[in-house]
Amino acid sequence: ANISRPIRTFRSRFFDPDDPDYLCGNEIFFIWIVCAILGACLEMVYSAVTYGYVENRSSLVYGPFGLAYSIGGVLMTILLHNDRYKPNWKIFLKAFLIGSVAEYIMSLGMELVFHHVAWDYSHMPLNINGRICLLYSCFWGLLGLAWTKLACPFFHKLICAIPKEPGKIIFWIVFVFFLYDCIISAEAALRFNARQEGIPPQTRMEAVLDKQFPDWYLKKTFANSMGIDDEGNISDQTLSGQDSHNPIVG
């Protein structure tokens, strides 16, 4: 009963953002999408300003979606929601820890599942296995502070301004598209790895993936990804051919 009650409440209030002290499901999903888009765009701008070239930093084959920022943004929102009135330094430290742990787990997960990573901090001071480092953990702290104090209240008001019935239609359209994007992106990435090993398509679906998402397309889409060999060594170059010593989160 103690477990089922919060689940029933979450389902019944999924499209009810009127309470500022309660995070409804639609609000969390909206934040997930917004963070994905903002993160991918932020990295493209940062790449252009810092390195002098514009490069796609999306995690998916369709649309500018940076999943690292989606996960980080949602975790920040949920875990810091009740801390938004606390002193700034407490929010910063908590966001610092949340972002660091999430970034480490995401890097490890990409390596284990796809044999690629989208960032490598091994050349940065005070890093842990090249997955996280002090400087970018501090950035997570600052982002979490700005997100909690400024962005979240703004997006809450924006979501409340959307009429409920049109909001439901928008949610389901975006949800179905995003779910498809995630599934097809994972399948395309796994098929890309198989092609690098010289494995021909075994099913009709794999043949379709080879045609729809050839190597040149995925190298452009996942331009900042770096391959990892069986011994755990990261490639010296990204899929786009740039130097892999690039400290941007993917």
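Is N26 buried or exposed? In this predicted model, numbered from 1 along each chain as its sequence is written, local features need pLDDT of at least 70, side-chain atom pairs count only at pLDDT 80 or more, and totals for chains, interfaces and linings use all residues. Side-chain values use heavy atoms, with hydrogens and water left out.

N26 is buried, at a relative accessible area of 15%. Buried means under 20% relative accessible area, exposed over 50%, and partly exposed in between, with a 1.4 Å probe and protein chains only. The residue sits in helix α2. Helices (H or I, at least four residues) and strands (E, at least two) are DSSP runs, numbered from the N terminus. Beyond its neighbours within four places in sequence, N26 contacts F14, F15, I159 and F171. Contact here means heavy atoms within 4.5 Å. N26 and G167 lie 141 residues apart in sequence, yet their C-alpha atoms are 8.6 Å apart in space.

Helix α2 packs with α6 (residues 164-196) at an angle of about 50 degrees, and the two axes are 11 Å apart. Axes are lines fitted to C-alpha atoms, for helices over the stretch in contact, and angles run from 0 to 180 degrees between N-to-C directions. The pair α2 and α6 is therefore oblique. Angles under 35 degrees count as roughly parallel, over 145 as roughly antiparallel, 65 to 115 as roughly perpendicular, and the rest as oblique. The crossing of α2 and α6 is left-handed. That term applies if the near helix is turned anticlockwise from the far one by less than a right angle; clockwise gives right-handed. On the α2 side, N26, F29, W32 and I33 take part, and they meet F171, V174, F175 and F178 of α6. By class, the residues of this α2 and α6 contact are seven nonpolar, one polar and no charged. Ala, Val, Leu, Ile, Met, Phe, Trp, Tyr, Cys and Pro count as nonpolar, Asp, Glu, Lys and Arg as charged, and the others, Gly among them, as polar.

Helix α2 also meets α5. Their axes come within 12 Å and cross at roughly 130 degrees. This makes α2 oblique to α5. The crossing of α2 and α5 is right-handed. From α2, the contact draws on N26, E27, F30, I31, V34, C35 and Y46; from α5, on Y136, W147, F155, H156, L158 and I159. These residues of the α2 and α5 contact divide into ten nonpolar, two polar and one charged.

The largest nonpolar core holds 15 residues, and M76, L80, W147 and F155 have the most contacts inside it. Such a core is a set of buried Ala, Val, Leu, Ile, Met, Phe, Trp, Tyr and Cys residues joined through side-chain atoms within 4.5 Å. Two or more residues come from each of α2 (25-51), α3 (67-80), α4 (88-114) and α5 (134-160). The largest share, six residues, belongs to α5. W147 touches I31, C35, G73, M76, T77, C152, P153 and F155, leaving out residues up to four places away in sequence.

Two loop residues stand out by backbone angle. Most residues other than glycine have a negative phi. L126 has a positive phi, near 55 degrees, and lies in the loop between β1 (116-117) and β2 (127-128). L126 is exposed, at 64% relative accessibility. N129 likewise has a positive phi, near 55 degrees, in the loop between β2 and β3 (132-133). N129 is exposed, with a relative accessible area of 58%.
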